[in-house]
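Trainee: Please take me through this model by setting each value against the definition behind it.

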Amino acid sequence: MKLVARIFILFAASIWAFAARATTQDTSVDATLDAEPFAVADLVIWGGTIYTAEDSGPTAQAVAVSGGRIIYVGTQAGAQGFVSPDTTIISLEGASLYPGFVDAHAHLSGIGARELTLNLEGVASLAAVQDALAAYSQSADQPVIVGRGWIETHWPEGRFPSRWDLDDIVADRPVILFRADGHAAVANSAAFIAANITSDTEAPFGGAIQKNALGEPTGILIDTAMGLIGGLIPEPTLEDLAEQLTVGGQVYGQYGWTGLHNMSVRWDEVNLLETLSENGDIGIRVYNSINADAAPQLFASGARSSNNERIITRAIKLYMDGALGSRGAALLEPYADANTVGLILSKPEEVLPLMQTALRQGIQINMHAIGDRGNRQLLDWFEQTFNAVPPFERAVATPRWRDEHTQIVHPDDIPRYAALGVIPSMQPSHAIGDMHFAADRLGEERLVGAYAWQSFLDTGVIIAGGSDAPVERGDPLIEFYAATARRDLSGFQGENWHPEEALTRAEALKMFTLWPATASFAEDELGSIAVGKKADFTAFDIDLMTAAEADIPKGRAILTIVDGEIIYQAP
């Protein structure tokens, strides 16, 4: 699909346009698709179906923008009335336009770092990991080799990698390779020696050191145990971090994302993001959830925004448990394939006072929880906090606290989200990846309540949709496909994978547009194409509402617009 931008500057055309305004202004597709009277557009887009995410008028032919705001939504004839000699007119040439897609859970610096370091995403075997490590080690002269993205569930070897596997390739310097989910890592023997990890080393609270039958560490460290080798990894400089953030922002603009909810953010990253955004180095919007150790700074400053309002910081990211793939997700009953119930990563005596302060100051809490025990305990702690802080002591009436991931939930707990006003923040691609091992980890019975998108919507809550990149690829079309098809990219759907939990396409559209806006207190400004809202748009070369299911992931973004400014245009 080719995108063509045409600037109409002929005097005769402008005269016709102003004359046409008087007769076409009221011919919009729906009476609710209103117009700003007597305005002149900086930008008009037409030439393809426009999906608004507004129930009262779900489609339109044209949209007009002035000063970064939407001033008209309706017919193409009506939009003609807002054209002046200086208006930029973009023809979609049959492509489809949507409200700006927003990834409600990702890690921007990690997305950039994935492009700049040893990227093991999609490696098909342990042997392939070794090959990639061998090639990278020959071209990189770093004293410590760091990589990320491996996941063993599809490997023919059928096991985790070990330190000895890495030793066979690199033995003279530390090697640390993080699993795709970021909740486990494998390190070679040089790293274990440098970190002084032995058979006698005790795992810290919330972590595990995997050992073999002889009691020897295998090289696998889970959750907080990864901190034992964290000191070996050089701390990125501000220049390093700026490069990661800038590259991450460029990648996301090219995918079609206009915004990202940025999780686990360092405090110095907040200041850097604001500067990069104001200087034009990052075009997408970023909504920050900072690490808990930065809570005092956020409490002192309060919710904050960059001068251009594209970088917002008003949330804290906490962790309840680990991940399902590495068996760190906290379960009510033991794993079906291991003698463990997972890991709890937070202590109530440390977290509950922080949450009470956040509630009083209007700071959002976004807490990671994956297992059914982890999610139940999250709901319990949220409820305790809400009971401890009466409404008249709260800075905002609806705090909109979020459960990040919400992957495995006991059916009895699903109605509690609506009752407490807790927003499930879920990543559809996790479901189509995890289907290949979730039954092994959980057993068939606990697949009820797993990735239960439709069951949640049926209770009246919204779902903020994301990708968790760089854990997943971060492609909005893969996420949309996963939410509506509930199949992997080959079309496979596991037995008892509950196809009834898939979303309609209209629901999936809101999952990545209007509902992330609501989950970040921005639904009056963003999330749908409506007069008065900010002009954030995503155009794909595929119609997500009508295309064959299998074709959805094959599409691509052709236009990404933030505040009426083009931040990405496909060649």
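Trainee: Where is Pro-470 found?

Mentor: Pro-470 is found in the loop between strand 21 (464-465) and helix 17 (476-485), where helices (H or I, at least four residues) and strands (E, at least two) are DSSP runs numbered from the N terminus. The bond that joins Ala-469 and Pro-470 is a cis peptide bond, with omega at about 10 degrees. This is a predicted model, in which local features need pLDDT of at least 70 and side-chain atom pairs count only at pLDDT 80 or more, whereas totals for chains, interfaces and linings use all residues. Residues are numbered from 1 along each chain as its sequence is written, and side-chain values use heavy atoms, with hydrogens and water left out.

Trainee: Which residues is Arg-114 in contact with, leaving aside its neighbours within four places in sequence?

Mentor: Contact means heavy atoms within 4.5 Å, and with those neighbours within four places in sequence left aside, Arg-114 is in contact with Asn-119, Glu-121, Pro-470, Glu-472 and Arg-473. Arg-114 itself lies in helix 3 (residues 108-116).

Trainee: Does Arg-114 count as buried or exposed, and why?

Mentor: Buried means under 20% relative accessible area, exposed over 50%, and partly exposed in between, with a 1.4 Å probe and protein chains only. Arg-114 has 6% relative accessibility, and therefore counts as buried.

Trainee: Why do strand 8 and strand 12 stand at the edges of their sheet?

Mentor: The sheet is an open one of six strands in the order 8-9-10-11-13-12, with mixed pairing. Strand 8 (118-119) and strand 12 (207-211) each have a single partner strand, so one side of each is left without a neighbour in the sheet. Two strands pair if DSSP finds at least two bridges between them, and strand 12 is joined to strand 13 (residues 217-223) by four bridges, in the antiparallel sense. Within that pairing, Lys-211 has Pro-217 of strand 13 as its bridge partner.

Trainee: How do strand 9 and strand 10 run, and how many bridges join them?

Mentor: Strand 9 and strand 10 run parallel and are joined by five bridges, with Val-146 standing opposite Ile-176 in strand 10. Strand 10 also pairs with strand 11 (residues 184-187), here in the antiparallel sense over three bridges, and Phe-178 has Ala-185 of strand 11 as its bridge partner. Strand 10 and strand 11 form a hairpin with four residues between them, and in the turn Gly-182 has a positive phi of about 75 degrees.

Trainee: Why is strand 10 called largely enclosed by the rest of the structure?

Mentor: Five of the five residues of strand 10 are buried, so the strand is largely enclosed by the rest of the structure. Helix 4 (residues 126-139) lies across strand 8, strand 9 (145-150) and strand 10 (175-179).

Trainee: What makes helix 11 and helix 12 oblique to each other?

Mentor: Helix 11 (residues 348-361) and helix 12 (residues 372-388) pack at an angle of about 50 degrees, with their axes 10 Å apart; axes are lines fitted to C-alpha atoms, for helices over the stretch in contact, and angles run from 0 to 180 degrees between N-to-C directions. Angles under 35 degrees count as roughly parallel, over 145 as roughly antiparallel, 65 to 115 as roughly perpendicular and the rest as oblique, and helix 11 and helix 12 are therefore oblique to each other. Their contact includes Leu-352 and Met-355 of helix 11 and Trp-381 and Phe-382 of helix 12.

Trainee: Which strands are joined to strand 22 by bridges?

Mentor: Strand 6 (residues 96-99) is joined to strand 22 by four bridges and runs antiparallel to it, with Ser-96 opposite Phe-540. Four bridges also join strand 22 to strand 23 (residues 557-562), again antiparallel, and Ala-539 has Leu-559 of strand 23 as its bridge partner. Phe-537 and Ala-539 point one way from strand 22 (residues 537-540), Thr-538 and Phe-540 point the other way, and all are buried.
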